[in-house]
Amino acid sequence: MDKKRETTTLSVHRCRFVDYAPSAITALAYPPLPLPSVKGKKKTTAGKQPLKFALLAVGHANGNIDICEWMGADRETQSSQAWVVRKTLPGPYPSKVDSLAFVIRHPDDFGPDDVPTQSDLRLFSCGGGSELIEWDLERGCIRRTISSQGGSIWSVAANPSSSSLALGCEDGTVRILSVAHDTLTHLRHFDRVKCRMLSIAWGPPVPRQSRARIPTQQNAADSSDDDDDEEEWTDSWLVTGGSDSSLRKWDFATGRVIERMGVDKVRGERTLVWTVGVLGDGTIISGDSLGMVKFWDSRTCTQLYTFQAHGADVLCMTISPEGRAVYTAGVDQKTVQFSLVKTSSTEKGPLSSHWTQACSRRMHSHDIRALAIWPPYTPLPPSYKRQFSIDVAPVLASGGLDMSVVLTPAALPTSTIVKVTNPLNTSTEATFEDAYHRKLSYVSKGAVRVARSARLVSCAREAGLSIWRIEKKPEGEIESLEKQPDIELEPEETGSFAGGWEKVLEMDLNVHSNITAHEISDDGRWLAVSDLYESKLFSLRSDGQIDLKRIKDFPAILDAQIPASSVHASSTGAAAFQFTPDSSRLVISTAMSSYVLVIDLTGEKPRVLRRFDQHRLQDSILHDRVIKGRAFSSRASKVNGHAAVNGDGDVDMAGVDADSPPPSPPPAQQSDESEQNEEEDSDDEDVASTAAIVSVDQIAVSTDGQWLATSDNHARTHIFNLDLISHHCILPSFRRAAQALAFDPMHPSVLLLAFPDNTIQIFDVETRQFPVWGKELAASLPKRFTYAHDPVLGVAFDLPPCFPPPPPPPLR
C-alpha cells in the first residue's frame, strides 16, 4: 500500500435507534453417532484419528432454528471460525423451540466412526405445544407434524439406535414414537402417573441377536447378509424427571415403573427435576430446581452422591464423550464440571473411583438454557465403550437468555500424555478449567437494510418491520466541519444534527412463519417482505411520513410463474430479494422451489420477465468431471462431437480466446427462443424427481444493472446478464458456499465472493476469468483477517466522493 496516499474521511452513523433484538437460545443439539457393531466385525479407527465435526442446531425462543456448519476442512482439527450459521429454519409464527433431537435417517448404512451429514439426518423439535415437528433440512421448511396425544410435550429424547423417540407429556405419560425407516408413527405409551414429565433419558442399550433368517441359497454373500441382520441393539429402560419431586425408572418392554427415586423438598413444596442423564454403567444423574446435582445407582435406585452445585434451578446437562465428566448449568449462570476421579488402592479395598465437583465457570450473563458437547456421548455398556482421539479436546456448547452460543474446549486435566489441540484456536490450553471460551456472533444476516439514496433504514422482526429516515446534515454544519477538519465533535456537540433520525413506518404483518427476507429499494419507493409461504410487495410514497400501498395481486403474479410440485406445498415465499440500482427491477429467489425470478416494476403492475432454473439442475458428470448444477439436453447442439452442457459456456480457466462463447442472437430472437425452450422444458420437467433441493440465499446486482450473481448453499454461483435477461455462466464450485457477494462499483464486471472461513475470490464476469491480481490478493490476505474468530457477514466497497448516484427510475 502506498504510504503517501491521501487519507479519506468516512462518515459513520451509529444507528443506536434500530431496535434489532436477537432471540434467546433455548435448545442446542449435535447429531448422534452410529452404534458400534455388536460382534465387532466392522473395522473401526476409533481413538486413532479425530472425528469430523458435525452440524450444530441452535433453537431460539422465537421459533427459528439455526443450522451451523464447521468451517474447518474434513480432517482439520482447528478452525478459528468454528461453527457458522449457514441456514435458518423459520419457525411458525408465533412459536418457540424448547427441545431439539437429531436422529440418523438410515443408521444401518453407517460404520461406528462415520459422522452423519445434513442429508443423513432428521431433526425434530417441540415448542411447548402438543405438536412434534419434523423439519426438512434441505428445503428449510416443516416436513411433517404429529400430535403427542398426551397434551403439551415437555421433553424429547432419541434412543441410541435412532429408531425411537420418547416424549414426556403434560398428562403424565411417556409416549414412544417409531422413526425407523424414515417414518414417524405412534408405537405405544407407558402407564400414566400424576405429574408432568419434565425430562427424559434413555438407558444403555443391550446387545441381542434377532432370529436368523432361513437362507434360500447357501452362499457366502447370503450368510454374510444374515450375519449383518443378526446384529441388533434393544432398549431396556428409561428414566424420567417429574414435577412431583421424583425420578422414575421405566421398563421399556412393559411400560411400567420399575422404581421411584425421591429428591429433596423444601417446606413441602414440590421440587422440579428439570434434567436427567444416564451413563453407560447405568448411573443416573439428575438436576433439580433446588440447584442439586445427584448421582443414582440404577440397579438399587439409591442415591450415590449429592452436590449443592448451583444457587438456583439446574436446567440442562451434558456428558463428556467418554463419560468421565458431566457438565450442568442453569439459572445461576454457572457451568459446573463433575469429574470421575480414580482413588488409589488401600488396605480396605482395591482401586476405585468416585465423582467429585471439579470446577465451575461463569461464561454467560443470564440463565443458561441448553448444553451440548461434540463428540456426543452415547450410553453404551462398558465392553462397547467408545474410544476417542485423546489429542483433540471436545467442544462444549452452551446457550441461554444472553442470546450467544458460547464454545469452550473441554479436555480433562488427566489428558497430559500428549499435547491436546484446542479446536477453537482460542488458546494453547484446552482444558475446561483453563482454556479461553468464545462467543458466536448473534447478528442475523439480512435483518437490517439500507436505502442509500432515500436515506432509509429498515429492520425486520419475527412478524413486523420498522423504517427510519436519517436526516441530512444542515449545510452550515457541513461548511464549518470542512473548515475545521482536525476538530472531532462529540455527538452531543453537533447541535442541530443531534438525533437526526425519525421513525417513519411501523408495520405488523399477517404471516404464517417468521419473516425470512426483506429488501427496500435504493430510491425508497419499493419494499419487499416475505415469510416462508408468501412474498409481499409494497409501494412507498414519502410525504414526511411514508404512505404504504400493498400490491395485492403480487403473490398471484409469482404463483403463475412457479410450476406446481407434488413434493412441497405451493409457496411464493422468498429466500432473498434484491432490487436493481435504478429500482426498476426486483430479483427474487423462491424459498422452496429455488427459482430465480426477474420482475419488472416499471409498468402499471409488476411483470415477471424471466424465470431461471439453473440452481435446480442436478450435478452431472462430463469426461470424469463433476459439473455442478448442469443438465444434458437431448436437443443440445454438439461442439467438437460432444454435447454442450446446458447450452451455456463454462467458465474459461485458461484464457478468454481459448474457447470463446458463440455469438448471441438478437435480443428479440433470443427471448423468443428462450421462451419456447422454457415452455418445452417446463412441459417435460418432472419437478418432483429431477430438481435439486437448494437454497439460493445470496443475490448481488452490479451497479450498472447489467450483471446478476446468485449463489446457493451447494456452493454454486451463477451469473446472469440482465440486459439480455439470459444466463451468462456458472463459476467453479468452491469448498464452501459463499457468505456474501458484491460487485465493485468502479468496475461493475468484477465480482467479489466472501466465504465464511474468511477467504475471498475475485471473478471477472465479462471475461469469465479469475484475474491474476485477484488470485494474488486472495492468496495474500493477512492472517489477522483469515484467522479472525468472527466470520465475514457482508462485503462493502469504499465509494469515491465523486461516485454518481443511480439514474432516477422512469415515471409510472
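This is a predicted model: local features need pLDDT of at least 70, side-chain atom pairs count only at pLDDT 80 or more; totals for chains, interfaces and linings use all residues.

Reply: Four strands form an open sheet in the order E1-E2-E3-E4, with antiparallel pairing. At the edges are strand E1 (25-29) and E4, each of which pairs on one side only. From one strand to the next, the twist averages 25°.

Me: What holds the strands of a sheet together?

Reply: In general, strands of a sheet pair through backbone hydrogen bonds, in either the parallel or the antiparallel sense. Here, E1 and strand E2 (residues 56-60) are antiparallel and pair over four bridges.

Me: Which residue in E2 is the bridge partner of Ile25?

Reply: Ile25 has His60 as its bridge partner in E2.

Me: How many bridges join strand E3 (residues 65-70) and E4?

Reply: E3 and E4 pair over six bridges, in the antiparallel sense. Within E4, Val85 is the residue opposite Cys68.

Me: Is strand E4 (residues 83-89) largely enclosed or largely open?

Reply: A residue counts as buried under 20% relative accessible area. Five of the seven residues of E4 are buried, so E4 is largely enclosed by the rest of the structure.

Me: How many disulfides does the structure hold?

Reply: The cut-off for a disulfide is two cysteine sulfur atoms within 2.5 Å. The structure holds zero disulfides. For Cys169, the nearest cysteine sulfur is that of Cys126, 9.2 Å away.

Me: Is Cys169 buried or exposed?

Reply: Cys169 counts as buried because its relative accessibility is 0%. Cys301 has 11% relative accessibility, so Cys301 counts as buried too.

Definitions and conventions. Residues are numbered from 1 along each chain as its sequence is written. Side-chain values use heavy atoms; hydrogens and water are left out. Buried means under 20% relative accessible area, exposed over 50%, partly exposed in between (1.4 Å probe, protein chains only). Helices (H or I, at least four residues) and strands (E, at least two) are DSSP runs, numbered from the N terminus. Two strands pair if DSSP finds at least two bridges between them. Axes are lines fitted to C-alpha atoms, for helices over the stretch in contact, and angles run from 0 to 180 degrees between N-to-C directions.
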